[in-house]
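The questions below ask what lies behind some of the terms used for this predicted model.

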Amino acid sequence: MAREFSRTRRIGQQLQQELAFVLQRDMKDPRIGMVTVNDVDVSRDLSHAKVYVTFFEEDPQVIEAKLAALNTAAPYARTLVAGRMKLRVMPELRFIYDASLVEGMRMSNLVSKVIRDDEAKKGHSDDEPQEGQREED
């Protein structure tokens, strides 16, 4: 019987939880600010991990600066997480910006706006008498 999750996936999930905790509580770098860890992709040999993060910023230059600060602090974050996880090999961390959360929020806002506009048009057309109907005084 095959396992439900591979070992690398389980390690990635645990690494995601620990990194989120470390980045929120233990990292004191003001350049990083508020960061969300969306996913962690660990290589098969556990030597590297791609950490997908999102910032609550829209300016591409600010995002690049925060990403550079995270990648500079990656060895320190790796040391902090290694103390919390029981692994023989702790993967090297590489932070990558993930725009899917921001893009999803933008798409959701667009859909909501279209629905509101559609309902407003429908409500406006209900006020006018339809063809073949008489208005009663």
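**Pocket lining and helix crossing**

The largest pocket is lined by Asp41, Val42, Ser43, His48, Ala49, Lys50, Ala74, Pro75, Arg78, Glu92, Leu93 and Arg94.

Q: Which elements give two or more residues to the lining of the largest pocket?
A: They are strand E1 (35–42), strand E2 (48–55), H3 and strand E3 (92–97). The volume of this pocket is about 170 Å³.

Q: How do the residues of the lining divide into nonpolar, polar and charged?
A: The lining has 5 nonpolar, 2 polar and 5 charged residues.

Q: Why are H1 and H3 called oblique to each other?
A: The axes of helix H1 (residues 7–26) and helix H3 (residues 74–84) cross at roughly 120° and come within 10 Å. Angles of 65 to 115 degrees count as roughly perpendicular and those over 145 as roughly antiparallel; the crossing angle is roughly 120°, and H1 and H3 are therefore oblique.

Q: What makes the contact of H1 with H3, by residue and by class?
A: H1 contributes Leu15, Glu18, Leu19, Phe21, Val22 and Asp26, and H3 contributes Tyr76, Ala77, Leu80, Val81 and Arg84. By class, 8 are nonpolar, none polar and 3 charged.

Note on methods: Residues numbered from 1 in each chain as written. Predicted model: local features only at pLDDT ≥ 70, side-chain atom pairs only at ≥ 80, totals over all residues. Heavy atoms only, no water. Axes fitted to C-alpha atoms, helices over the stretch in contact; angles between N-to-C directions. Helix = DSSP H or I, 4+ residues; strand = E, 2+ residues; numbered from the N terminus. Parallel < 35°, antiparallel > 145°, perpendicular 65-115°, else oblique. Contact = heavy atoms within 4.5 Å. Nonpolar A, V, L, I, M, F, W, Y, C, P; charged D, E, K, R; others polar. 1 Å grid on protein atoms, 1.4 Å probe; cavity = no way out; pocket = protein on both sides within 12 Å on 5 of 7 lines; lining within 4 Å. Points joined across faces, edges and corners; volume = space filled by probe spheres on them.
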